[in-house]
Amino acid sequence: MPVKELREELKEKIIAQLNLEEFSVSDIDDDDALFGDGLGLDSIDALELIVILDKDYGIKLTDPNEGKEVFKSITVLADYIAERTNK
Amino acid sequence: MRDCYIHSAVSISAQNTFSTEDFLLDVIVHNAKKIQAVYPNYKDFISPIAARRMQTGVKMGVVAANKALQVAKLNEPDAIITGTGMGCIADTEKFLNSIIDNNETYLTPTSFIQSTHNTIGAQIALGLKCNNYNNTYTHGSLSFESALIDAQLLLQQQEAKHVLVGGIDELGVEFVDYVQMIEANESKGICVPFSEGAAFTVLSSEKKENAIKLQDIITISEASKEELILKLEDFLTLNNMDTKAIDAIILGNNGDVYDIYYEHIVTSLFSNVARIEYKHLSGEFYTASAFAFWLGTNVLQKQYIPKEVLKNSIQNKSIKTLLLYNQFKGKDHSFILLKI
């Protein structure tokens with residue numbers, strides 16, 4: 001899947017899975033911070049994201065430090081998934 | 001021992017009950033088998049970020065609780081006590097289905113965390129930043145009554161001055177359909193719609209002007225119709241009353257075969273008092289009696305019985321003492337005495 005499409009797909013999944021009813025795909029910029037001042041996600045959301053990675057993309061994230069980096073933004077997350085699924 | 005006074009009573013139900021001004025002015029006639037509550041504007045009370053993980057029961061509970069505190073002009077209760085028969089059934093269904101769908105893997109945390117019965121009490125406390133006593137009762141159709149008894153004890157024993165008490169149940173998605181299928185197969189099953197709601201009250205040991213008093217409450221798990229009469233008479237005697245002291249009785253008739261308990265009580269003891277029924281308006285759910293508590297409080301405050309709930313032609317000029325009686329399937333009987 002092209003990375004651009006993957007980014008849109010991730011936004012849709014995040015909005016649906018994390019019940020971000022106030023947001024639409026166009027509200028989330030590719031480089032917005034997912035946690036903290038950006039989307040304002042929290043630790044429970046991080047767990048939901050780990051499940052999305054595992055269930056939908058077959059990627060198991062076990063290192064918490066890796067998670068901090070991977071979940072930085074949609075761009076970083078999409079690149080991370082693309083690297084591991086496009087081989 | 002201290003008395004218990006009702007400083008506020010707020011209800012979210014299948015009727016327009018959330019406004020404190022209206023008292024069943026525009027009754028909604030429900031013909032469906034399953035009816036949702038009339039939801040308030042949640043955003044007036046809960047931020048979207050906080051609300052996004054909340055299912056209906058939690059949202060109704062948090063909003064009704066906050067409004068009850070507002071009406072009572074109370075910032076922080078000494079205790080938060082909730083009763084719920086089914087708890088957060090929507091999230092319970094969601095995570096159980098998710099386990100099946102995903103072959104017992106990939107259990108997502110949100111619905112699991114939010115599915116416990118005490119989620120509602122916990123979310124109210126989190127919103128208020130209230131670290132005081134917090135308890136949840138899950139005893140089927142005695143859930144709200146159990147919460148009331150706990151509150152009454154805290155106030156009487158002077159362990160609290162102001163207690164927030166509520167009864168909450170949500171419809172959920174699937175489970176209620178199975179219950180309805182079972183009821184439909186009964187020769188005389190529940191005839192009123194299945195529904196949901198949240199009713200909260202602030203009980204206090206401080207007497208306010210015109211405050212209604214929660215005189216007493218008793219629960220009886222099992223009793224024959226005859227035993228029930230004796231227990232009710234003992235209950236009234238314990239409160240220095242007899243049947244003549246009761247001006248109106250609020251009954252939880254739901255149309256099933258067990259309505260004979262209500263008929264027996266009325267014909268034996270209360271044939272000459274105003275008879276009120278409400279489940280055709282609120283629907284049936286485990287904490288529907290919390291709606292009856294709200295109804296009774298309003299009848300006493302406003303000295304008026306809306307025609308949609310009055311089931312006989314007796315309308316007393318003055319209503320000073322109300323008796324609430326509820327039971328479910330011939331079990332879990334409760335009597336609540338409210339007094340002006």
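Q: What is a pocket, and what is a cavity?
A: Both are found on a 1 Å grid over the protein atoms alone. A pocket is an open set of points with protein on both sides within 12 Å along at least five of seven lines. A cavity is a set of points where a 1.4 Å probe fits but cannot get out. Lining residues have an atom within 4 Å of a point. Points are joined across faces, edges and corners, and a volume is the space filled by probe spheres set on them.

This is a predicted model: local features need pLDDT of at least 70, side-chain atom pairs count only at pLDDT 80 or more, and totals for chains, interfaces and linings use all residues. Residues are numbered from 1 along each chain as its sequence is written, chains are lettered from A and ligands numbered from 1 in the order in which they are written, and side-chain values use heavy atoms, with hydrogens and water left out.

Q: How much space lies in the largest pocket?
A: The largest pocket holds about 400 Å³. It is lined by 23 residues, and the closest to its centre are Gln17(A), Glu48(A), Lys94(B), Thr108(B) and Ser111(B).

Q: Which elements give two or more residues to that lining?
A: Helices (H or I, at least four residues) and strands (E, at least two) are DSSP runs, numbered from the N terminus. Here chain A supplies α1 (3-17) and α2 (43-57), and chain B supplies α3 (89-101) and α4 (109-113).

Q: How does the lining of the largest pocket divide by class?
A: Ala, Val, Leu, Ile, Met, Phe, Trp, Tyr, Cys and Pro count as nonpolar; Asp, Glu, Lys and Arg as charged; the others, Gly among them, as polar. The pocket lining has 10 charged, 9 polar and 4 nonpolar residues.

Q: How many residues of chain A and chain B are in contact?
A: Contact means heavy atoms within 4.5 Å. In this model, 14 residues of chain A touch 11 residues of chain B.

Q: Which salt bridges cross the interface?
A: A salt bridge puts a side-chain nitrogen of Lys or Arg within 4 Å of a carboxyl oxygen of Asp or Glu. The rule finds 4 between chain A and chain B. Asp42(A) forms one with Arg53(B), with the closest N and O atoms 2.6 Å apart. On the side of chain A that touches chain B, α2(A) gives the most, with 7 residues.

Q: What about the cavities?
A: The count is 3 cavities of 30 Å³ or more.
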